[in-house]
Amino acid sequence: MNHSHAGPEPELTTRAFRALGTTATIVVQDPAAADEAAQLLAADLEEIDRTCSRFREDSELQVVHAHAGTTVQVGELLYQALCVAVDAAERTAGAVDPTVGNALAALGYDADLDEVQARPAAPPRALGPVVGYAHVQLNPADRSVRIPRGVRLDLGSTAKALAADRAADRIAHAIGSGALVSLGGDVAVAGAAPAGGWAVGIARESSATADQVDQVVAITRGGLASSATSVRAWKAGEREVHHILDPRTGDSVAPYWVLVSATGVSCVDANLVTTAAIVWGRSAIERLAGFEQAVRLVRADGEVFSVNGWPLDRAA
Amino acid sequence: MPRPSESSTPAGRERVRRRLRNLTRVAILATAGATAGIGVVVAHDDPGSSSTDKGTSGQSTSGTTTTTIDGSSSSSTGTTGNTGTTSDGDSGNTGGFSTAPSASSSSPTVTSGGTSSR
C-alpha cells in the first residue's frame with residue numbers, strides 16, 4: 001500500500017506490510033527515504049519477533065521458558081523488552097503483567113491469532129491468578145533473567161510498543177528526517193514532525209479507513225496507542241474472550257471500556273495505560289489521575305471520556 | 001537472585017521520582033475532591049461540543065455533563081480541582097500533559113485502534 005497526501009496537507013509517503021500478526025506502517029516526509037525506511041522497519045520487526053515471540057519455537061524468549069526455574073543470560077534486546085514489561089507492571093500495580101503467558105494459552109491463545117480464530121472453539125482450561133511480575137528476576141549486572149518454573153511470559157503489547165519506539169528512533173536517525181511507525185495502531189514518531197503534526201485517526205479497529213475513524217488527533221512526539229476488547233477476540237467454548245487478561249483472575253476482562261487510546265512520551269508509555277485502563281474497568285478514570293498520559297476512553301455503552309488533556313471529539 | 005535496589009539505576013530513580021510526583025498529584029486531587037466531590041481528570045464528552053481546548057473545565061447545567069479537572073486548567077466554576085498547580089521541581093507543570101494530542105482536521109495518516117490482524 002502506497003499513498004501520498006497532496007494539497008494543503010504535508011506530503012507524506014507511506015509503506016505498509018505484514019509483520020507481527022498485523023500491519024506495519026512507516027510514514028516519512030522524504031519520499032526518497034521511504035524504501036530505506038521500510039527496509040529498516042522490516043529488519044527491526046524481524047529481530048523483535050525472533051527475540052520476543054511466544055509462538056515461535058526458535059525465539060529467544062523460548063530459551064527463557066525452557067530454563068524456567070534457573071537463571072539464564074539473555075541478549076540486549078530481550079533484556080530490554082523484559083525490563084520494559086516489568087516496569088509497565090510496576091507502574092500499573094500489576095494490571096499489565098508479563099506472566100500471563102499460561103493464562104492466555106489456557107484461554108486458547110497459544111498461536112497466531114488467525115490460527116486461533118480459525119479452529120473450532122475449545123472450552124478454556126483451568127483459569128486462575130497469574131504468578132505475578134514480582135517473581136521475574138532481572139539482573140542488569142550480567143543481563144540475566146530467572147522466571148519461576150512452569151511460568152510462560154507474554155511480552156505482547158509492551159514488546160510491540162517497544163518495537164515501534166525503537167524503529168521510529170532508528171529510522172528517523174538513519175534518514176535524517178521525521179518518521180512515524182505504526183504497528184497495528186501502536187504509533188511512535190521521531191524526528192521533526194510535519195506541519196500540523198502527525199495526524200492519527202482513532203477507531204475501534206486499526207484497519208479502519210480514514211473515513212471510518214471517530215476522531216483525528218495530531219501528535220508531534222512520543223507515541224500513541226490504543227487497546228480494544230473487540231478486535232483480538234475468539235471463542236473459548238461458548239463465550240467470546242479477548243487478549244487482555246486480568247492478572248488477578250487469569251481470565252479475559254469483562255469489557256467495561258471497549259476502546260482506550262492514550263498518548264505518552266513513548267509508545268510504551270501510552271500502551272501501558274491503555275491496557276491497564278481496560279483491566280481496571282470502572283475504576284480506570286480514578287486511577288488515571290496518577291498518570292500524566294492523555295487518555296480517551298469509550299465505554300461499552302458508547303459514552304466517550306477524555307482524561308488528562310485528550311481533546312474532546314468534534315461534533316459529528 | 002535479588003533485584004537491584006530501585007534507586008540504584010537511572011531508570012529506578014526516575015520511577016521513584018515519578019511515583020513521588022504522582023503521589024503529590026493524587027494528594028492534591030484528594031484535597032480538591034473534598035470540595036468538588038470529584039477526584040479525577042476527566043472530560044465527559046459532549047457530542048454537541050466542539051471545544052478542543054484542554055483547559056475547558058466545569059460542569060454543565062444542561063443534560064450533558066462536561067466535567068474536566070485538567071492539569072492545565074484553571075477552573076472558575078469551583079467544581080473542579082486543578083492538579084496543574086503541583087510543583088515537582090521539574091517544569092513545575094506535572095499536570096501539563098505535554099504529550100497530549102491536539103485535535104486535527106487533517107486526513108489521518110494512520111489509524112490507532114484495537115490491533116487488527118489485517
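Residues are numbered from 1 along each chain as its sequence is written, while chains are lettered from A and ligands numbered from 1 in the order in which they are written. Because the model is predicted, local features need pLDDT of at least 70 and side-chain atom pairs count only at pLDDT 80 or more, whereas totals for chains, interfaces and linings use all residues.

**Chain A as a whole**

Chain A has eight helices and 17 strands. Here helices (H or I, at least four residues) and strands (E, at least two) are DSSP runs, numbered from the N terminus. The radius of gyration of chain A is 19 Å, close to the 20 Å that the globule rule gives for 316 residues, so chain A is as compact as a globular protein of that length. That radius is taken over C-alpha atoms, and the globule rule is 2.2 Å times the number of residues to the power 0.38. Along the principal axes, the C-alpha atoms of chain A fill a box of roughly 60 × 45 × 40 Å.

**Helix 6 and its two partners**

Axes are lines fitted to C-alpha atoms, for helices over the stretch in contact, and angles run from 0 to 180 degrees between N-to-C directions. Angles under 35 degrees count as roughly parallel, over 145 as roughly antiparallel, 65 to 115 as roughly perpendicular and the rest as oblique. On the helix 3 side, the contact is made by Ala81(A), Val84(A), Ala85(A) and Ala88(A), and on the helix 6 side by Thr158(A), Ala159(A) and Leu162(A). Two residues are in contact if their C-beta atoms, placed from the backbone, lie within 7 Å.

Helix 6 of chain A also packs with helix 7 (residues 267-280) of chain A, at about 155 degrees and with the axes 8 Å apart. These two helices are therefore roughly antiparallel to each other. Among the residues that meet there are Asp165(A) in helix 6 of chain A and Asn271(A) in helix 7 of chain A.

**Strands and sheets**

Two strands pair if DSSP finds at least two bridges between them.

| Strands of chain A | Direction | Bridges |
|---|---|---|
| strand 3 and strand 5 (residues 144-146) | antiparallel | three |
| strand 8 (residues 198-205) and strand 9 (residues 215-219) | antiparallel | five |
| strand 11 (residues 233-236) and strand 12 (residues 239-242) | antiparallel | four |

Another open sheet draws on both chains: its four strands have the order 2(B)-9(A)-8(A)-3(B), with mixed pairing. Strand 2 (102-103) and strand 3 (110-114) of chain B stand at the edges, each with a single partner strand, so one side of each is left without a neighbour in the sheet. Between the chain A strands, Gly201(A) has Val216(A) in strand 9 as its bridge partner.

Finally, strands 11 and 12 of chain A form a hairpin with two residues between the strands, where Gly237(A) takes a positive phi near 65 degrees. Lys235(A) stands opposite Glu240(A) in strand 12 of chain A.
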